Amino acid sequence: MTQQIETPVRKTLGKVRPHQTQNESLVFEKSSPGKRAYKMPPLDVPAVDPAALLGAAHRTTLAELPELSEIEIIRHFTRLSTWNYAIDLGMYPLGSCTMKYNPRVNELVARIEGLAEAHPYRPDSRAQGILEVFDLLQRCLIEITGMDVITLQPAAGAHGEFTGILLVRAWHESQGNPRRKILIPDSAHGTNPATAAICGYQVENLKSNAEGGIDLEALTRQVDEETAALMLTNPSTIGVFESQIHKIAEILHAKGALLYMDGANMNALVGKARPGDFGVDVMHLNLHKTFSTPHGGGGPGSGPVACKAFLEPFLPTPVLVRNSAANDPQSLRAPSLRVLSGERAGDLEPHPPSVRTDLGFPSFPRVVEEKAAERTGDYESLGAPGPDSGTWDSKNPGQLTWDYNRPHSVGRVRAFYGNTGMFIRALAYILANGPDGLRQTTEDAVLNANYIRHGLEDLYELPYKTASMHEVVFSDKRQAALGVKTGDIAKRLIDYGFHPYTVSFPLIVHGALMIEPTESESLEELDLFIAAMRSIAKEVEDTPELVKTAPHSTRVSRLDEVQAARKPILRWKPTEAATIKSPQPLPAGAPENLPTA
Ligand SMILES: Cc1ncc(COP(=O)(O)O)c(C=O)c1O
């Protein structure tokens, strides 16, 4: 199964060095006065006096920008790019991050001019294409999660949690008492307790049982009339599916508490199980994990929040609605993505309104003050279509529009409508895979994690023997007995050409090695990874110093992490060596050749 790797140093043909200079100074240090990467054409319009035009805002000294030629800039950034590790170079087994491959077709679709350049202030009547993208993505995600309604607004997973718990709080307030505490298992992602605290709740810890799941008896004892919700990461950060989830929901609901699911690990569930079907009231998704939108320095995130219908009145403003003559209550749920082989999400039936706004709820106290414009109904100042735009007052049945008139909303959580580029990419991924493809993806992700588990469990300690889902968490117990810690093993993995796994997380596993291969990896790549990890386990026994001092193949070896965390240098300051001269007076008479400030 596994390929043998010679230790301590693998014999390879070697690689061409990207450049003779193995160090790269900053662009500021490379700067020489007068160098330009561009040349402007001669002025062919009447010259204006910038001082007269700009008044006090007119600057008289050059901005302190580096001055380089085009080729110097290109080479600088190209060389730097070769120092990085990327999913496009090899496996990125960073547990809890779902570093899957981002298919190129997503990028192609996101760059379609009409989508990429859709302006958020465009009137709805002229933005129907992009609104259809929002609507179809919403309906796909509703179908995938089994929930009733959704908002795409939150900009990341933690932001989704924040929005979801605001909904929980608003609903409890509507019942007369926001309640005091939120229960969070010790296997939860760290953002969960932070979210609960920031929404004004006390966090009460729930201890996991020996299988890594929730202890139902302990839960029953802890839930009371002051419990607002349980925040459950499912599958958890130790890669375990909470098989008692429906009973957990019952215990909570019996006391009037809600079940929040951190759905960031949905890569282990899509197409197999739907949170809406097992009692979840509200959840978030990480599009940048499950639905292949770039992350890890590669792009903004997106954390849509899906919930049951009773939470709908509280969704962030605005909500996407479809003008319709008939607001049939039965049409609230999204239509099914049928699962016949070869059928795609795009083959949906004609759809109902995305959400209904007339659920007949009694009037609730307002939770978060909305902007004055929203209160006074000055929708046009918000960029929404006004009454004469032809879209607001149902003059155009079937058209999509934004509903700002939501008296019970928790308010806005983000400017405009969310990270639109990510919606396009996620939808491209969903449509390209279709229902069967998404299910296959889930199965492959779980299979890959279990393949790694099987390949390593004789050498690395497995603290929880429960079946693994999308990730497997070992501990460094055996290696620590020889003085080598999880961080050392991770750094040695760099020498073998892999990005490290997640180190020392989750906290319930001491010295954790958290490995999530995702479905993207081939059998060959998994075998190489297993071989590397096995080889390192042998090094720990034979030559532990080699591992403890790794990495050996990188530009810099061990960095002082404590110093970096406590005294980070975040700002470049000019030194003697730096060639940039600042500030320089503006050269007279050549305004067209100056970089703008
Ligand atoms: C289980 C879980 N919950 C929440 C988050 C937070 O998501 P984000 O980093 O997008 O805020 C993550 C991030 O990886 C996660 O894995």
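**The ligand**

Select the ligand first, together with the 14 residues around it, of which Ala156, Gly157, Ala158, His189 and Ala264 come nearest; a residue counts as near when its C-beta atom, placed from the backbone, lies within 6 Å of the molecule. This shell has 4 nonpolar, 9 polar and 1 charged residues. In this classification Ala, Val, Leu, Ile, Met, Phe, Trp, Tyr, Cys and Pro are nonpolar, Asp, Glu, Lys and Arg are charged, and the others, Gly among them, are polar.

The model is predicted: local features need pLDDT of at least 70, side-chain atom pairs count only at pLDDT 80 or more, and totals for chains, interfaces and linings use all residues. Residues are numbered from 1 along each chain as its sequence is written.

**Helix 7 and helix 8**

Next, select residues 157-174, which form helix 7, and residues 191-198, which form helix 8. Helices here are DSSP runs of H or I with at least four residues, strands are runs of E with at least two, and both are numbered from the N terminus. The two helices pack at an angle of about 40 degrees, with their axes 9 Å apart. Axes are lines fitted to C-alpha atoms, for helices over the stretch in contact, and angles run from 0 to 180 degrees between N-to-C directions. Helix 7 is therefore oblique to helix 8; angles under 35 degrees count as roughly parallel, over 145 as roughly antiparallel, 65 to 115 as roughly perpendicular and the rest as oblique.

Helix 7 passes helix 8 in a right-handed crossing. A crossing is right-handed if the near helix is turned clockwise from the far one by less than a right angle, and left-handed if anticlockwise. To display the contact, pick Gly157, Ala158, Glu161, Phe162 and Ile165 of helix 7 with Thr191, Asn192, Thr195, Ala196 and Ile198 of helix 8; contact requires C-beta atoms, placed from the backbone, within 7 Å. The contact comprises 5 nonpolar, 4 polar and 1 charged residues.

**Helix 13 and its partners**

Move to helix 13 (residues 420-456) and helix 6 (residues 128-145), whose axes come within 10 Å and cross at roughly 55 degrees. These helices are therefore oblique to each other, and their crossing is left-handed. Helix 6 contributes Ile130, Val133, Phe134, Leu136, Leu137 and Cys140, while helix 13 contributes Thr420, Phe423, Ile424, Ala426, Leu427 and Ile430. By class, 11 of these residues are nonpolar, 1 is polar and none is charged.

**Tyr92**

Now select Tyr92, in the loop between helix 3 (70-81) and helix 4 (104-110). Tyr92 is buried, with 24 other C-beta atoms within 10 Å; the cut-off for buried is 20 or more, exposed means 12 or fewer, and partly exposed lies in between, with C-beta atoms placed from the backbone. Not counting residues up to four places away in sequence, Tyr92 touches Ile87, Met99 and His499. Glu516 is 424 residues from Tyr92 in sequence, yet 8.2 Å away in space, C-alpha to C-alpha.

**The whole chain**

Finally, display the entire protein chain, which has 18 helices and 12 strands. Of its 597 residues, 41% count as buried.

Notes. Contact = placed C-beta atoms within 7 Å.
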